[in-house]
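Open your viewer and get ready to click along. We will go from stop to stop, and at each one you will hear what to select and what is there.

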Amino acid sequence: MARLQDELKKKKAFGCPQQEAALNLFRTSDRLQICFARLFREHNLTPSQYNVLRILRGEGTPMRCLDVAARTITVVPGLTGLLDRLEAAQFVRRERSAEDRREVFVSITEQGARLLAQLDGPVMALHRRILGHLSGDELAELNRLLEKARHACPDEPG
C-alpha cells in the first residue's frame with residue numbers, strides 16, 4: 001500500500017503530521033466522490049441531486065428548501081438551480097406555502113422515489129466495494145476520528 005508521499009511523488013516530507021492527514025483526507029474524499037459520481041452519472045444524476053433526493057425520501061413529507069439545504073452532505077451553493085433540474089426531470093415537486101408565499105416546500109415524486117429504489121442496491125454495493133476491506137472495529141474508529149476532526153472546523157466559512 002503506497003503512502004501519500006509516494007502517491008504524490010513528493011520529494012520532501014510533509015510540513016507536519018496534520019498537513020499529511022488533511023491531504024490524505026482530501027485525496028481519499030476525491031477518490032470516493034469520483035466513484036459515486038460515476039454511478040450517479042449512469043442515472044443522469046449528480047451526487048448533490050442524489051443527496052437531495054435521499055433527504056426528501058427520508059423525511060417523507062414536504063420540506064422547506066432551507067431545511068433541505070441544511071441537511072446536505074456538502075454545501076450546495078445553487079440549491080435553487082439543482083431543484084430546478086430535479087423538478088424538470090419530474091423527480092421533485094415544489095409548492096409555495098399558503099400561509100407565507102415566500103416559503104417554498106419541496107417533496108420527492110413517485111418517479112424520484114423509483115429512481116432512488118433502483119439505486120439503493122448499487123449504492124450499497126459500492127459502499128461495500130470501497131470500504132468492505134475494513135473491519136467493523138476499523139470502520140468504527142475511522143468514523144470516530146473523522147467526526148472528531150470535523151468538530152474542530154467552524155460551521156460557517158470565515
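Start by selecting helix H2, residues 17-41, and then show what covers its buried residues: helix H1 (4-7), H3 and H6 are among the elements that do so. Helices here are DSSP runs of H or I with at least four residues, strands are runs of E with at least two, and both are numbered from the N terminus. The buried residues of H2 are Glu20, Phe36, Ala37, Leu39 and Phe40. Buried means under 20% relative accessible area, exposed means over 50%, and partly exposed is in between, using a 1.4 Å probe and protein chains only. Covering, like any contact on this tour, means heavy atoms within 4.5 Å.

Before you move on, a word about the model. It is predicted, so local features need pLDDT of at least 70 and side-chain atom pairs count only at pLDDT 80 or more, while totals for chains, interfaces and linings use all residues. Residues are numbered from 1 along each chain as its sequence is written, and side-chain values use heavy atoms, leaving out hydrogens and water.

What distance separates the end C-alpha atoms of H2? They are 36 Å apart, which agrees with the 36 Å that its 25 residues should span at 1.5 Å a residue. The expected span is 1.5 Å times one less than the number of residues.

Now click on the loop between H1 and H2 and find Lys9. Lys9 is exposed, with a relative accessible area of 70%, and its phi is near 55°, a positive value in a residue other than glycine. Most residues other than glycine have a negative phi. Next, go to Asn44 in the loop between H2 and H3. Its phi is also positive, near 55°, and at 70% relative accessibility Asn44 counts as exposed.

Select H3 (47-59) together with H6 (residues 110-131). At what angle do their axes cross? They cross at roughly 110° and come within 11 Å. These axes are lines fitted to C-alpha atoms over the stretch in contact, and angles run from 0 to 180 degrees between N-to-C directions. H3 and H6 are therefore roughly perpendicular, the word for angles of 65 to 115 degrees; under 35 is roughly parallel, over 145 roughly antiparallel, and the rest oblique. Show the side chains: Tyr50, Leu53, Arg54 and Arg57 in H3 meet Leu115, Leu116, Ala117, Leu119, Asp120 and Val123 in H6.

Thr61 is partly exposed, at 43% relative accessible area.

Move to helix H5, residues 79-88, and colour its buried residues: Leu79, Leu82, Leu83 and Leu86. They cover an arc of only 95° around the axis, which puts them on the same side of H5; the arc is that of the directions from the helix axis to the C-beta atoms. Turn to the other side of H5 for Thr80 and Ala88, which are exposed. Among the elements that cover the buried residues are H3, helix H4 (65-70), strand E2 (92-96) and E3. Just after H5, Gln90 takes a positive phi of about 65°.

For the last stop, select strand E3, residues 104-108, and find Ser107. Is Ser107 buried or exposed? Ser107 is buried, with a relative accessible area of 11%. Leaving aside residues up to four places away in sequence, Ser107 touches Leu56, Pro62, Phe91, Val92 and Arg93.
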